[in-house]
Amino acid sequence: MRRWTEICAGIVAAAVPTGVGSALGALAGGSSGLVAGLVAGGVPGAVFGWAVAAFVPYDLSSARGLARYATDLTWSLPNTWLGAVLLTGNLLAGNRVVADLSRYGGTVHLARGTLPAVGGVRYVTTVGTVVAGIPGAPDDSPCSTAARALLAHERGHVLQARLLGPAYVPSVLVNYALAAVLPFWWFWHDHAAYPIRSVAAYFQHGVYPHVWNEEWCYRAYGPRR
Ligand SMILES: [Zn+2]
């Protein structure tokens, strides 16, 4: 793909959230709303657009790359915007983009995770098209099987966001709240491997992995928990 195509793709990826943010802001609150929407859409949009041009996550010479690009800037735009906010905050905090994982992967990868370790476990965060916490591409050594599974798992969340679009984040939040209040997952939970004897374990090993998006990705991609 020619370099100018990649740069144009980045400009469009920045312009879409900027335009949508400005329009929504103007509809909600006139000229001051327009300015707020311009900033809220334009700042993360510009950072995302730069990442699209610089690291080329979308292979626009393939049908799959085109479909991902078009989906992320239309149906899945709310997810893309949230990911762009995460990307912006991380880059400001000194995180860096992993170029080899990001190229043509349909995702922008950040080397470090965004959350502090919970119970000694460092979680990888995936929001929209942005995956934070995988430092490099897994190699072919046997010990990187888990790393490959983790990468596939996180990209599974990106696929889920593309499929459900604006309903993705609300559906996860509602499911999390329901699973916390009403532990229906208790019946199929692996109590031998993950005994729940504390409030922390209830949320970490009970509620969280049994929310639909995690249930799906752990089953389809692993890694083994
Ligand atoms: Zn997950």
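## The largest pocket

A pocket is here an open set of grid points with protein on both sides within 12 Å along at least five of seven lines, and its volume is the space filled by probe spheres set on those points. The model is predicted. On this basis the largest pocket holds about 610 Å³ of space. Its lining comprises 23 residues, and those nearest the centre are Thr126, Val172, Tyr208, Asn213 and Glu214.

Several elements contribute to this lining. At least two residues come from each of H3, strand S2 (125-127), H5, helix H6 (168-181), helix H7 (199-207) and H8. Helix H6 gives the most, with five residues. Sorted by class, the lining of the largest pocket has 14 nonpolar residues, seven polar residues and two charged residues.

## The zinc site

Glu214, one of the residues nearest the centre of the largest pocket, is also a donor to the zinc ion. The protein donors are NE2 of His153, NE2 of His157 and two entries for Glu214 (OE), at 2.0 to 2.6 Å from the zinc ion. In sequence, the donor residues follow the spacing H-x3-H-x56-E. Histidine 157 belongs to helix H5 (residues 145-164) and glutamate 214 to helix H8 (residues 212-221), so this pair ties together parts that are 57 residues apart in sequence. Both histidine 157 and glutamate 214 are buried.

For reference, the ideal angle for four tetrahedral donors is 109.5 degrees.

## Backbone features

Most residues other than glycine have a negative phi, and most peptide bonds are trans. Valine 56 is not a glycine, yet its phi is positive, at about 50°. Valine 56 occupies the loop between helix H1 (3-55) and helix H2 (63-72). Because its relative accessibility is 3%, valine 56 counts as buried. Tyrosine 104, likewise not a glycine, has a positive phi of about 65°. The loop that holds tyrosine 104 runs between helix H4 (99-102) and strand S1 (108-110). Tyrosine 104 counts as partly exposed because its relative accessibility is 31%.

A cis peptide bond is present between glycine 222 and proline 223, with omega at about -5°. Proline 223 is in the segment after H8, and helix H8 itself carries glutamate 214.

## The enclosed cavity

The largest cavity contains about 40 Å³ of space. Its lining consists of Glu6, Ala9, Val52, Val56, Pro57, Tyr58 and Leu60. By class, six of the lining residues are nonpolar, none is polar and one is charged.

Helix H3 spans residues 77-92 and includes asparagine 90. With a relative accessible area of 8%, asparagine 90 is buried. Neighbours within four places in sequence aside, asparagine 90 is in contact with Asn95, Leu110, Arg112 and Thr114. Glycine 83 also lies in helix H3. Its relative accessibility is 0%, so glycine 83 counts as buried. Beyond its neighbours within four places in sequence, glycine 83 is in contact with Val127 and Val130. The C-alpha atom of glycine 83 is 8.6 Å from that of proline 44, and the two residues are 39 residues apart along the chain.

Valine 20 has its place in helix H1. Is valine 20 buried or partly exposed? Its relative accessibility is 35%, so valine 20 counts as partly exposed. Between the C-alpha atoms of valine 20 and proline 135 the separation is 33 Å, and these residues are 115 residues apart along the chain.

Key: Residues numbered from 1 in each chain as written. Predicted model: local features only at pLDDT ≥ 70, side-chain atom pairs only at ≥ 80, totals over all residues. Heavy atoms only, no water. Donors = N, O, S within 2.8 Å, 3.2 Å for Na, K, Ca; no water. Helix = DSSP H or I, 4+ residues; strand = E, 2+ residues; numbered from the N terminus. Buried < 20%, exposed > 50% of the residue type's maximum accessible area, 1.4 Å probe, protein only. Contact = heavy atoms within 4.5 Å. 1 Å grid on protein atoms, 1.4 Å probe; cavity = no way out; pocket = protein on both sides within 12 Å on 5 of 7 lines; lining within 4 Å. Nonpolar A, V, L, I, M, F, W, Y, C, P; charged D, E, K, R; others polar.
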